[in-house]
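Here is a short report on one helix and on the disulfides. Look at the model first.

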Amino acid sequence: MNGNGNTPLRPRDRRRARRRRGLTAGATGLAVTLGLGLASLARGHAEAAPDQAPARTAAAAAPSTVAASAVTEPQGPEQSDFSSAFRYSLTHPTAVPAGANDWSCRPDAAHPNPVVLVHGTFENRYANWAALAPRLKRAGYCVYALNYGAPDAAVLKATGDIVASAGQLASFVDRVRAASGAARVDLVGHSQGGTMPRWYVDRLGGAAEVDKLVALTPPNHGTTFSGMGLMARAIPGAEALLGVSCASCEQQVVGSDFLKDLNADDSVSPDVDYTVITTVHDQVVTPFTSSYLGPATNVSNRTMQTYCLTDTSDHIDISYDPVAARLVLNALNPAESSRPGC
C-alpha cells in the first residue's frame, strides 16, 4: 500500500498509464490548438510575433536598443517540472525563464557562444526552459530565449508556418549577436525547436552564425503522432483543418512537403555540430528514432536510456530531465563533459 492507501501499480501498469497520459495529452493539445487556431483566425492570426524583427537587418540595431526593448520582458521563477512551468505560463504567456535574456551579458573565453533556447510546438519559452535556462546561466553561459510562431497573447505558440518561424529565429539570433558581440551562437531546441533551426541553418544563412545545434526529441524525419497524424490524412478535410489551425503540426507529420524539402539531400551543414537527444518513451515523435540525423562526422545521436536505463522521461518533460541536461552541457562544452548518471 502507498501513502494514499492505494495498491502500488506494477511496472507494466505504470508504463501503460504513462502511455495513456501521453496519448490523452497529445489528443487534448491537438483539440485545444484546433479550437484556438480557428478562433485566432478571426482576430488576425497573421499578426507578427513579439520577437519577430521586421527584417534580418535587426543585427544592425545598437545593443542599447536591444537592451531597452528587453526591459519589459517579465522574468518568471525557476521551476523543476514542466507541469508547474506550463501552469505559470498560462497566466504569464510572455514570461522569460530565469537566467535568460540578460541583454547586458557578455560571453567569456570559457563560454564564447551565447545559447539561444528554442521551444517546441504548443509550448512557449517559459514552459519549456524554466529549469534549463537558469542551469545554463549558472554554468557561465549568456542565455536567451524567444517566443515564436504565434501572436504575443497566445499561450500555445509555435503553431505557425515553420519557414516563417525560422525567419523569426534568424532575426532573434541577429539581436543576440548584436547585443553580445558574439560572431556565432549555440542553439538548444525542443521538438519543433530542434528541427525548425535546420531550415534557418540551411536556407537563411544560419550556417555562418551557428556553431552547435543541440536538439531534444526533434521530429527531423516526421512523426505519426502515435497514429493521429496519419489518421488525420485519412479523414476527408481533417488534414486541411489541421494545417489551417496549426500549420506547423501538419508540417511535422511524416511525409509532409516541408520535411521532404528539408531532408531532400539528407545532409547537414558541415559548419555546424549537431547533437540529437531522444528518449525511448517519446509518445509525440513516433517512432522515437525519427529524431535521429543521418551519420556524419559532425552528428551525434544520443538516447537517454543508454546512460540511464530506468529513465522514464517522455517527450514533454525531457527538457526538465537531469540526464538530458547533462547531455546538453556535454554537447555545448565537450572539453568539460561527464557521463550522466541516474
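A contact here means heavy atoms within 4.5 Å. Helices (H or I, at least four residues) and strands (E, at least two) are DSSP runs, numbered from the N terminus. The model is predicted: local features need pLDDT of at least 70, side-chain atom pairs count only at pLDDT 80 or more, and totals for chains, interfaces and linings use all residues. Residues are numbered from 1 along each chain as its sequence is written, and side-chain values use heavy atoms, with hydrogens and water left out.

**Helix 12**

Buried means under 20% relative accessible area, exposed over 50%, partly exposed in between (1.4 Å probe, protein chains only). The buried residues include Val323, Arg326 and Asn330. Packing partners of the buried residues include helix 5 (132-138), strand 1 (115-118) and strand 6 (299-303). At the helix start, a side-chain oxygen of Asp321 comes to within 2.8 Å of the backbone nitrogen of Val323.

**Disulfides**

A disulfide is a pair of cysteine sulfur atoms within 2.5 Å. The structure holds 3.

| Pair | S to S |
|---|---|
| Cys105 and Cys142 | 2.0 Å |
| Cys246 and Cys249 | 2.0 Å |
| Cys308 and Cys342 | 2.1 Å |

Cys308 lies in the loop between strand 6 and helix 12 and Cys342 in the segment after helix 12, so this pair ties together parts 34 residues apart in sequence. Its S-S torsion is about 125°, so the disulfide of Cys308 and Cys342 is right-handed. Cys308 is buried at 5% relative accessibility, whereas Cys342 is exposed at 72%.

The S-S torsion of Cys105 and Cys142 is about -80°, so that disulfide is left-handed. Both Cys105 and Cys142 are buried.

Terms used. Polar contact = N/O pair within 3.5 Å; in protein donor to acceptor, adjacent residues only side chain to side chain.
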